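Here are some friendly notes to read alongside the model. Take them one at a time, and keep the 3D view open as you go.

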Amino acid sequence: MTSQTAELTRDLAPAPTIRPRALGLGPDGRFPIIPRPNLEWTPEVEAATAHLYERVSKVIPAIEWPFHAPYVKAINDIKKTRNAVILAHNYQTPEIYHCVSDYIGDSLQLAKLAAKSDAEVIVQGGVYFMAETSKILNPEKTVLIPDAEAGCSLAASITAADVRALRRKYPGVPVVAYVNTSAEVKAEVDICCTSSNAVKVVESLGVDRVIMVPDRFLAQNVAAQTKVKIIAWNGACEVHELFTADEILGFKADHPGLKVIAHPECPREVVEVSDFSGSTAAMIDYVRTKKPARVLLVTECSMADNIAAETTGTQFVRPCNFCPHMKRITLPKILDALLDIREEVLVDPAVAARARQSVQRMIDLG
């Protein structure tokens, strides 16, 4: 039996702005001044990055590599001096994901991995809520985001005030927040969830009704798998909400034997006509373990590129819905962040402490 999903509608709120902060550089500051490197394509650069180009040669044309390579070398050199790690979300472009990152994965995986590192500086290759989560779980570390305007339509669709209003409207009903939310929202909810553990989190609360924010499609997909009634907020990811069932069925008709793997942020009708639905980590694992001859990933463009770079024997059919926010992160901006220690992500300690509780409750479920 499938529970019904109630929806609450509101206009999309603007994403919060991350306040840039210039940290002390030079002999009187925390970080030494590093001269800007030479960014020319030289035989030295070519030799130093040849092994990295091998990783991405299937998805980055050789004619483009002389532009990327000087940045790749400079970033990899400077992050050692800075005692820094770079976290790259699965939606980052291949030259970031495969060539300069230290940790790859979804937002929560990245923050947890960074917490185990002895690095002093974390550079977030992703969007602002991911950088906030990294700061929440790594309060003593300096967290930088290369572009403070890298927002998220889903996270921007709900505010802390909205959560408080939901609690007044539904007194006593627990609130579950997708990790794709701001620190302020995480601080107002009972527990967080990811796309892979959302059903487990909802059922762990032991109640018959749960509020889920902010993704209505994730809520609908969870509702189809549990008897718990889901009260859903009306947010959505601007990338995933564009996919349609007719589009997916058209690809299947044009490509016999095609395996379709959909992210749970997609509309329910898209998931229903897909062969598998799961988080970005689960989607990657499906391709690696099942090794389908032909596959379509119903998610952001770059993930197919990143898997294709390391996969043989699988042809990727690519409907490309592009995330403009993820693509604000580039090699030049990562280099500038490392050189200048710019765009530090700050979370109010009181907010961070409450947000950390909701994230930790999810982590403690295992």
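This is a predicted model: local features need pLDDT of at least 70, side-chain atom pairs count only at pLDDT 80 or more; totals for chains, interfaces and linings use all residues.

1. Let's begin with a pair of helices. Two packed helices are described by the angle between their axes and the distance between the axes. For helix H1 (residues 43–56) and H2, the axes are 9 Å apart and the packing angle is about 105°. Angles of 65 to 115 degrees count as roughly perpendicular, and H1 and H2 are therefore roughly perpendicular to each other. On the H1 side, the contact is made by Glu-44, Val-45, Ala-48, Thr-49, Leu-52, Tyr-53 and Val-56. H2 brings Trp-65, Ala-69, Pro-70, Val-72, Lys-73 and Asn-76 to this contact. Sorted by class, the contact of H1 with H2 has nine nonpolar, two polar and two charged residues.

2. Now follow H2 to another partner. The axes of H2 (residues 65–82) and helix H14 (residues 331–340) come within 10 Å and cross at roughly 25°. Because angles under 35 degrees count as roughly parallel, H2 is roughly parallel to H14. The crossing of H2 past H14 is left-handed.

3. Which residues of H2 and H14 meet? From H2 come His-68, Tyr-71, Val-72, Ala-74, Ile-75, Ile-78, Lys-79 and Arg-82. From H14 come Leu-331, Pro-332, Ile-334, Leu-335, Leu-338 and Leu-339. By class, eleven nonpolar, one polar and two charged residues make up the contact of H2 with H14. If you look back at H1, you will find Val-72 of H2 in that contact too.

4. Next, look inside. How many cavities of 30 Å³ or more does a search of the whole structure find? The search finds one. The largest cavity holds about 320 Å³ of space. Its lining has 29 residues, and His-89, Tyr-91, Met-130, Asn-180 and Glu-265 are the ones nearest the centre. Helix H4 (107–115) and helix H5 (128–137) each give at least two residues to this lining. By class, the lining of the largest cavity has 13 nonpolar, 13 polar and three charged residues.

5. The pockets deserve a look as well. The largest pocket has a volume of about 210 Å³. Among the residues lining the largest pocket are Asp-106, Leu-108, Gln-109, Lys-112, Thr-194, Ser-196 and Met-362. H4 and helix H15 (349–364) each supply at least two residues of this lining, and the largest share, three residues, comes from H4. By class, the lining of the largest pocket has four nonpolar, six polar and two charged residues.

6. Finally, check two details of the backbone. Most residues other than glycine have a negative phi, and most peptide bonds are trans. Val-213 and Pro-214 are joined by a cis peptide bond, with omega about -5°. You will find Pro-214 in the loop between strand E8 (209–213) and helix H9 (216–223). Ile-341 is not a glycine, yet its phi is positive, about 50°. Ile-341 sits in the loop between H14 and H15.

Key:
Residues are numbered from 1 along each chain as its sequence is written. Side-chain values use heavy atoms; hydrogens and water are left out. Axes are lines fitted to C-alpha atoms, for helices over the stretch in contact, and angles run from 0 to 180 degrees between N-to-C directions. Helices (H or I, at least four residues) and strands (E, at least two) are DSSP runs, numbered from the N terminus. Angles under 35 degrees count as roughly parallel, over 145 as roughly antiparallel, 65 to 115 as roughly perpendicular and the rest as oblique. A crossing is left-handed if the near helix is turned anticlockwise from the far one by less than a right angle, and right-handed if clockwise. Contact means heavy atoms within 4.5 Å. Ala, Val, Leu, Ile, Met, Phe, Trp, Tyr, Cys and Pro count as nonpolar, Asp, Glu, Lys and Arg as charged, and the others, Gly among them, as polar. On a 1 Å grid over the protein atoms alone, a cavity is a set of points where a 1.4 Å probe fits but cannot get out, and a pocket is an open set with protein on both sides within 12 Å along at least five of seven lines; lining residues have an atom within 4 Å of a point. Grid points are joined across faces, edges and corners, and a volume is the space filled by probe spheres set on the points.
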